[in-house]
Amino acid sequence: MGQLKYAVHAYAWTNSWSNDTLDIIDKAKAHGFDLVEVPLMEIDKVDAAPIKERALAADIELCTSTACSKTTDPTGDDEATRAAGLHYLKQCIKATADMGGSVFTGVTYSEIGRKITGRPGEEYWDRAAGVLKQAAQYAQDLGVTVGIEAINRYETFLINTGDQALELMHRVDEPNVKVHLDAYHMNIEEHDFYSPTLKCAPHLCHYHLSESHRGTPGTGVVDWDGIYHALGTANYTGIVGLESFESVSPAMAAATCMWRSLSESSDALLADGLSYLKTLEKKYYA
Ligand SMILES: [Mn+2]
């Protein structure tokens, strides 16, 4: 038995979660994953009860993630947008609890893809922290942890590094707010992989183990030994996960800028990637 819990993002098989895609839960189990990461982008289509039932039947856990949009931006310039952001985050937290999950994460602090006219001033940090604090307090009663995923500069202006995610976490100052790293983004933003992983490890709630080109882990330039060395040193025993955008629709390919194939298929990426990562886990966890 390994010590890490491996999630697979449902985007490996669909770009739109609904009750028509519940079979993904069984597929994830068949692949040997410990959790399914359910996307909450289209929250109105997420029906928690059948998801919970299917996951219980398959003996697999659930976590959730999203990215805020222009109309639900916690850093939005007007009060109404920030209020809509808080309302949306609460919907996501409620759905997570209703399906039996305890981790909700992603770009929870701002609209994904937003560009501003200069470097972000204090007001953006204050807005994000203010909304996240209220969301986190709501989540406490439901037993849900809220994650802050650091993503690259082309996709957000606010949280690009592990250090910045920690900074926002400290500003929110609620015990159920944690950090979420993603190796694809780290490859663009960090100096190395070992140091930020080690520094964030005590505060992690999730780690997307994505390769530098979003293909199969182990076939790009991410320093996987550095990541696992740090995770093993910190004795992190939480959730890590795979994201593949290989086999979905043209719209999904465009949204994730996957303009060419990086692996044979999502299934191949997941099988090869999971086996590669579990080998590393054996090497670095005593
Ligand atoms: Mn990610």
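Here are a few questions and answers about helices and one arginine in this predicted model.

User: What makes Arg127 count as buried?

Analyst: Happy to walk through that one. Arg127 has 23 C-beta neighbours inside 10 Å, and the cut-off for buried is 20 or more, so Arg127 counts as buried. Arg127 belongs to helix α4, residues 122-142.

User: Which residues is Arg127 in contact with, leaving aside its neighbours within four places in sequence?

Analyst: Those are Pro74, Thr75 and Arg82. As for Ser110, 17 residues away along the chain, its C-alpha atom is separated from that of Arg127 by 9.3 Å.

User: Why are α1 and α2 called roughly parallel?

Analyst: Helix α1 (residues 23-30) and helix α2 (residues 48-58) pack at an angle of about 25°, and their axes are 9 Å apart. Angles under 35 degrees count as roughly parallel, so α1 is roughly parallel to α2. Their crossing is right-handed.

User: Which residues meet where α1 packs on α2?

Analyst: From α1 come Ile25, Asp26 and Lys29, which meet Arg54, Ala55 and Ala58 of α2. The residues of this contact divide into three nonpolar, three charged and no polar.

User: How do you know that the buried residues of α8 are on the same side of the helix?

Analyst: In α8 (residues 224-234), the buried residues are Ile227, Tyr228, Ala230 and Leu231. They cover an arc of only 160° around the axis, so they lie on the same side of α8. Residues three or four places apart in an α-helix point the same way, because there are 3.6 residues a turn.

User: What do the buried residues of α8 pack against?

Analyst: They pack against α6 (183-189), α7 (194-200) and α10 (266-284). After α8 comes Asn235, with a positive phi near 55°.

Terms used:
Residues are numbered from 1 along each chain as its sequence is written. This is a predicted model: local features need pLDDT of at least 70, side-chain atom pairs count only at pLDDT 80 or more; totals for chains, interfaces and linings use all residues. A residue is buried if 20 or more other C-beta atoms lie within 10 Å of its own, exposed if 12 or fewer, and partly exposed in between; C-beta atoms are placed from the backbone. Helices (H or I, at least four residues) and strands (E, at least two) are DSSP runs, numbered from the N terminus. The arc is that of the directions from the helix axis to the C-beta atoms. Two residues are in contact if their C-beta atoms, placed from the backbone, lie within 7 Å. Axes are lines fitted to C-alpha atoms, for helices over the stretch in contact, and angles run from 0 to 180 degrees between N-to-C directions. Angles under 35 degrees count as roughly parallel, over 145 as roughly antiparallel, 65 to 115 as roughly perpendicular and the rest as oblique. A crossing is left-handed if the near helix is turned anticlockwise from the far one by less than a right angle, and right-handed if clockwise. Ala, Val, Leu, Ile, Met, Phe, Trp, Tyr, Cys and Pro count as nonpolar, Asp, Glu, Lys and Arg as charged, and the others, Gly among them, as polar.
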